[in-house]
Amino acid sequence: MAIERTLSIIKPDATTRNLTGKINAKFEDAGLRIVAQKRIQLTKAQAGEFYKVHAERPFYDELTTFMASAPVVVQVLEGESAIAKNREVMGATNPADAAPGTIRAEFAESVGENSVHGSDAPETAKEEIAYFFSGLELVG
Ligand code: CMP
């Protein structure tokens, strides 16, 4: 096992319901360390660039409108196998399928408004972290 970093986003449905602290507690309880974090308001264009891999999907417009609808908290999580561990802590994309105790099972409202995003692989984690953070902001 290796120490990894992954990009996490606490989405508008969660920030507007004041759930940032409860979600961060889930990460920390699972052994993930928040090594960078900021609360920002994305434009629809910035959300569109971040999610460009989904540009042809029918939900792309809904997804990017939602991500720009209120502040998000972007963060870098670090730990042993952080990418897979974060995906475990988040639970399945659709909260109806998410295991009990996961963030999405407890907090998500729908497949679209599902409270959190996490990188899915080492290469995407690297790209997604670089989209939001400079090296100077990653203090370990
Ligand atoms: P996320 O992990 O951020 O990656 C892409 C996002 O697209 C996903 O979480 C969901 O929020 C969203 N998404 C996936 N499928 C659908 C769908 N059928 N309808 C709306 N949004 C979706």
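The legends below accompany close-up views of a predicted model.

**View 1. An aromatic cluster built from ring pairs.** Phe50, Tyr51, Tyr131 and Phe132 are linked into a cluster by ring pairs, and the structure as a whole holds 4 aromatic pairs.

**View 2. The tilted pair of phenylalanine 50 and tyrosine 131.** The ring centres of phenylalanine 50 and tyrosine 131 lie 5.8 Å apart with the planes at 45 degrees, so the pair is classed as tilted. Because phenylalanine 50 belongs to helix H3 (residues 44–50) and tyrosine 131 to helix H7 (residues 122–132), the pair ties together parts that are 81 residues apart in sequence. Phenylalanine 50 is buried, with a relative accessible area of 11%, whereas tyrosine 131 is partly exposed, with a relative accessible area of 34%.

**View 3. The edge-to-face pair of tyrosine 131 and phenylalanine 132.** Here the ring centres of tyrosine 131 and phenylalanine 132 are 4.9 Å apart and the planes stand at 85 degrees, which lies over the cut-off of 60 degrees, so the pair is edge-to-face. Phenylalanine 132 is buried, with a relative accessible area of 9%.

**View 4. The open antiparallel sheet.** The sheet is formed by 4 strands in the order E2-E3-E1-E4, with antiparallel pairing. Strand E2 (33–40) and strand E4 (116–118) are the edge strands, each of which pairs on one side only, and neighbouring strands of the sheet are turned by 20 degrees against each other on average, direction ignored.

**View 5. The pairing of strands E1 and E3.** Strand E1 (residues 3–10) pairs with strand E3 (residues 72–80) in the antiparallel sense over 8 bridges; for isoleucine 9, the bridge partner in E3 is valine 74.

Terms used: Residues are numbered from 1 along each chain as its sequence is written. This is a predicted model: local features need pLDDT of at least 70, side-chain atom pairs count only at pLDDT 80 or more; totals for chains, interfaces and linings use all residues. Side-chain values use heavy atoms; hydrogens and water are left out. Rings of Phe, Tyr and Trp (its six-membered ring) pair if their centres lie within 6.5 Å; planes under 30 degrees apart count as stacked, over 60 as edge-to-face and the rest as tilted. Helices (H or I, at least four residues) and strands (E, at least two) are DSSP runs, numbered from the N terminus. Buried means under 20% relative accessible area, exposed over 50%, partly exposed in between (1.4 Å probe, protein chains only). Two strands pair if DSSP finds at least two bridges between them. Axes are lines fitted to C-alpha atoms, for helices over the stretch in contact, and angles run from 0 to 180 degrees between N-to-C directions.
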